[in-house]
Each structure stands twice: as C-alpha cells, then as structure tokens.
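Colleague: I am new to this structure and would be grateful for a guided reading. May I put some questions to you?

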Amino acid sequence: MIGAALVIAVAYFIGRLVAQLVTGLLAGVGFDRLPAALGFKPAAGAASPSRIVGTLVMVVIILLAVQAALPLLHCTDPHPRPKGIPGRTAPTVRI
C-alpha cells in the first residue's frame with residue numbers, strides 16, 4: 001500500500017513539473033494565440049490553451065502511475081479479456 005502511494009506521489013510531483021514545463025514552452029511559442037487565429041473567441045475566465053494541454057499532460061502521467069501502482073496493490077484486471085473468441089487471441093509461436 002505504501003509503495004503504491006509512493007509511486008503515485010512521485011508521479012504527481014513529476015507530473016506537476018512536466019505540466020509547468022509544457023505550459024511554459026507552449027505559451028512561449030505562441031500556442032495561446034492559435035484559437036484566435038482560427039476564429040474562436042476566448043471565454044471570460046477560461047484557462048489558456050497551453051494550461052489546458054499542461055493539465056492533460058499531468059493527468060496522463062497520473063493515470064500511468066495509477067496503472068503502474070495497481071500490481072503493488074495486488075489488483076487483478078477488472079475486465080479480463082475473453083478467451084477463445086476468434087480473432088481476439090494472440091497467435092501461438094512454437095520454436
């Protein structure tokens with residue numbers, strides 16, 4: 001349990017750092033001007049496009065960490081793949 005929490009906590013801090021870097025990089029190259037160039041009007045109080053992308057990057061990092069932490073909690077696959085369905089099974093390789 002502690003190992004899984006540690007994995008997710010480390011991913012959170014790494015995700016925040018990467019999100020800040022991505023947000024700054026995209027803002028620096030003018031990514032925030034893209035919606036206006038495409039004809040969209042900014043909503044009052046809306047987050048900037050670079051911040052939205054940065055947040056999505058952080059969410060993906062956290063989701064990957066949760067996926068990595070599940071075996072540490074001895075969780076099984078909640079949706080096991082069906083066996084014996086034609087076209088859905090991996091081919092058997094014999095050497």
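**Questions on the model**

Modeller: The terms are buried for under 20% relative accessible area, exposed for over 50%, and partly exposed in between, with a 1.4 Å probe and protein chains only. The model is predicted, so to speak of local features requires pLDDT of at least 70, side-chain atom pairs count only at pLDDT 80 or more, and totals for chains, interfaces and linings use all residues. Residues are numbered from 1 along each chain as its sequence is written, and side-chain values use heavy atoms, leaving out hydrogens and water.

Colleague: What is the mean pLDDT of the protein chain?

Modeller: pLDDT is the predictor's confidence in each residue, from 0 to 100. Where it is low, the predicted coordinates should not be read in detail. In the protein chain, 81% of the residues reach 70 or more, and the mean is 85.

Colleague: Which element has the lowest mean pLDDT?

Modeller: Helices (H or I, at least four residues) and strands (E, at least two) are DSSP runs, numbered from the N terminus. The protein chain has 3 helices and 0 strands. Among its elements, α1 has the highest mean pLDDT, 94, while the lowest, 87, belongs to helix α2 (residues 34-37).

Colleague: Which helix do the buried residues of α1 pack against?

Modeller: Helix α1 covers residues 2-28 and reaches 39 Å from its first C-alpha to its last, close to the 39 Å expected at 1.5 Å a residue; the expected span is 1.5 Å times one less than the number of residues. Its buried residues are A4, A11, G15, A19 and L26. Contact means heavy atoms within 4.5 Å, and these buried residues pack against α3 (49-69).

Colleague: Within what arc do the buried residues of α3 fall?

Modeller: In α3, the buried residues are S50, G54, M58, A65 and A69. The arc is taken from the directions from the helix axis to the C-beta atoms. Seen down the axis of α3, these residues line one face of the helix, because they fall within an arc of 95°.

Colleague: Which residues are exposed on the other side of α3?

Modeller: The buried residues of α3 pack against α1. On the other side of α3, the exposed residues are L56, L63, L64 and Q67.

Colleague: Is S50 buried or exposed?

Modeller: S50 lies in helix α3. Not counting residues up to four places away in sequence, S50 touches T23, L26, A27, F31 and D32. Its relative accessible area is 1%, so S50 is buried.

Colleague: How far apart in space are D32 and S50, C-alpha to C-alpha?

Modeller: D32 is found in the loop between α1 and α2, and at 30% relative accessibility D32 counts as partly exposed. Leaving aside neighbours within four places in sequence, D32 is in contact with L26, A27, S48, P49 and S50. D32 and S50 are 18 residues apart in sequence, and their C-alpha atoms are separated in space by 6.0 Å.

Colleague: What angle lies between the planes of Y12 and F13?

Modeller: Rings of Phe, Tyr and Trp (its six-membered ring) pair if their centres lie within 6.5 Å; planes under 30 degrees apart count as stacked, over 60 as edge-to-face and the rest as tilted. By this rule there is 1 aromatic pair. Y12 and F13 form an edge-to-face pair, 5.3 Å centre to centre, and the angle between the planes is 75°.
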